[in-house]
Amino acid sequence: MNQPDYEFLRKLLRDKSGLDLSADKQYLIESRLLPLARKAGLGSISDLVQKLRDGSAVLVNQVVEAMTTNETFFFRDKVPFDHFREAVMPELLKARANRKSVRIWCAAGSTGQEPYSLAMCLREMSVALSGWRVEIIATDLSQEVLEKSKSGLYSQFEVQRGLPIQFLVKHFKQVGELWQINPDIRAMVQHRQLNLLHDFSQLGTFDVIFCRNVLIYFDQETKINIFGRLAKLMEPDGFLVLGAAETVVGLTDVFKPLAERRGLYRPTGAAPAKTSALGGLPKMVTMAGR
Amino acid sequence: MRTCLVVDDSSVVRKIARRILEEMSFEVVEAEDGERAIEICKARLPDAILLDWNMPVMDCYEFLGKLRRMPNGDQPKVVFCTTENDIDHISRALNAGANEYIMKPFDKDIVSAKFQEVGLIQAMPS
């Protein structure tokens, strides 16, 4: 891939999705976009870039989707789900005993493994949660992955990565070669398409926000902006869960880490620096930190 | 070093399992049938057993029963690893005392995830 094409794609992805590729990610672009180029009847990445330069909106969306879709597992990294069961939910069960409701947002819900893992955890607590209103909102940039999530259909490989076998037996049915998560678990998750760069204040307030392995792709200014807007949506005693390679430390003081629970953060009540959505102002992203 | 006994009549499966388990820092012992596997367990109990469903000489249930009745025979984590991929087989294996269940074909990610699940290895952030 030549340098002008690479720079064009970098800028396009940054403007459209906030995805911040470093200068050496050509291989990533090739591995994700070559299949897409072939599907569109194009011979190379150069041909694909030419179509994009000509202004094909459909192709732009497909490119953004292909580049921002990530592999995910049930109970990915295990530890955040242990925190959820052992720390987050026990505390919320006490703190929300009167209100009897809990709202959870999976901000990078992807193909559903994370929200459904949480739903299965909550199902295990059904006695304690009897009479409670439990909401799990799964959002993602990509409509394609949301559709897969909604279907609840997974391959044999996917159900074996991280999903304890007892959960498979209990919560899935075989559908031909595939496995489908049961309707009662599917019904616990609501799906919405959402770009984290855009305003998301309409989602309401949350007790728990899982925002894992998505901020790593954003530049520093964008991360700070998103943290500020997440803090505004969070109950004062809520919990933020980040991925293993992510932190708020050195970026913002609107959240603080819980020393004894890696990856778990709580709001501090500090006022964020600036919290307007970035979606309408892509130039801000382009200029930030460069 | 922790040990894993691989019980499978297919030498190809044993070879693939050996490669994956050695990458995960397990010492691997192989058995081609249940009878040989019992002999190995009598000599020294492994930490983990990857067990095929269809075995010649002694079937998996007879093996599992004999293993669990040995002194400390409840210690090894037994992970079924088979082509029997329907829910009835899986439930039967769990009721018989299996700790986990892998459906063939499998790869390192799957073995690693299942071994984490039964506490044989620590979870590493991906």
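## Starting point

Helices (H or I, at least four residues) and strands (E, at least two) are DSSP runs, numbered from the N terminus. This is a predicted model, in which local features need pLDDT of at least 70 and side-chain atom pairs count only at pLDDT 80 or more, while totals for chains, interfaces and linings use all residues. Residues are numbered from 1 along each chain as its sequence is written, and chains are lettered from A and ligands numbered from 1 in the order in which they are written.

## The two chains

Let us begin with chain A. It has 12 helices and 10 strands. Its radius of gyration, taken over C-alpha atoms, is 20 Å, close to the 19 Å from the globule rule (2.2 Å times the number of residues to the power 0.38) for 290 residues, so chain A is as compact as a globular protein of that length. Along the principal axes, the C-alpha trace of chain A spans about 60 × 50 × 30 Å. Of its 290 residues, 41% count as buried; a residue is buried if 20 or more other C-beta atoms lie within 10 Å of its own, exposed if 12 or fewer, and partly exposed in between, with C-beta atoms placed from the backbone. Two residues are in contact if their C-beta atoms, placed from the backbone, lie within 7 Å. Among contacts in chain A between residues at least 6 apart in sequence, 73% join residues at least 24 apart.

Now for chain B, where there are five helices and five strands. Starting at the N terminus, the elements of chain B run β-α-β-α-β-α-β-α-β-α. The C-alpha atoms of chain B fill a box of roughly 40 × 35 × 25 Å along the principal axes, and 38% of its 126 residues count as buried.

## Where the chains touch

How many residues of chain A are in contact with chain B? There are 14 of them, in contact with 18 residues of chain B. On the side of chain A that touches chain B, the elements giving two or more residues are helix H8 (156–160) and helix H9 (165–171) of chain A. H9(A) provides the largest share, three residues. By class, this side of chain A has five nonpolar, five polar and four charged residues. Here Ala, Val, Leu, Ile, Met, Phe, Trp, Tyr, Cys and Pro count as nonpolar, Asp, Glu, Lys and Arg as charged, and the others, Gly among them, as polar.

## Two packed helices in chain A

Two packed helices are described by the angle between their axes and the distance between the axes. Helix H2 (residues 26–39) and helix H3 (residues 45–53) of chain A pack at an angle of about 75 degrees, with their axes 9 Å apart. Axes are lines fitted to C-alpha atoms, for helices over the stretch in contact, and angles run from 0 to 180 degrees between N-to-C directions. H2(A) and H3(A) are therefore roughly perpendicular to each other (under 35 degrees counts as roughly parallel, over 145 as roughly antiparallel, 65 to 115 as roughly perpendicular and the rest as oblique). From H2(A), the contact uses A:Ile29, A:Glu30, A:Leu33, A:Leu34 and A:Ala37, and from H3(A), A:Ile45, A:Asp47 and A:Leu48. These residues divide into six nonpolar, no polar and two charged.

H3(A) also holds A:Arg53. Is A:Arg53 buried or exposed? It counts as exposed, because it has 11 C-beta neighbours inside 10 Å.

In helix H7 (residues 143–151) of chain A, A:Val145, A:Leu146 and A:Ser149 are buried. They cover an arc of only 105 degrees around the axis, which puts them on the same side of H7(A); the arc is that of the directions from the helix axis to the C-beta atoms. A:Gln143 and A:Glu147, on the other side of H7(A), are exposed. The buried residues of H7(A) pack against strand S2 (133–140) and strand S6 (189–193) of chain A.

Most residues other than glycine have a negative phi, and most peptide bonds are trans. A:Ser110 is not a glycine, yet its phi is positive, near 50 degrees. A:Ser110 lies in the loop between strand S1 (101–106) and helix H6 (113–124) of chain A, and it counts as buried because it has 26 C-beta neighbours inside 10 Å.

In chain B, the peptide bond from B:Lys104 to B:Pro105 is cis, with omega near 0 degrees. B:Pro105 is in the loop between strand S5 (100–103) and helix H5 (108–117) of chain B.
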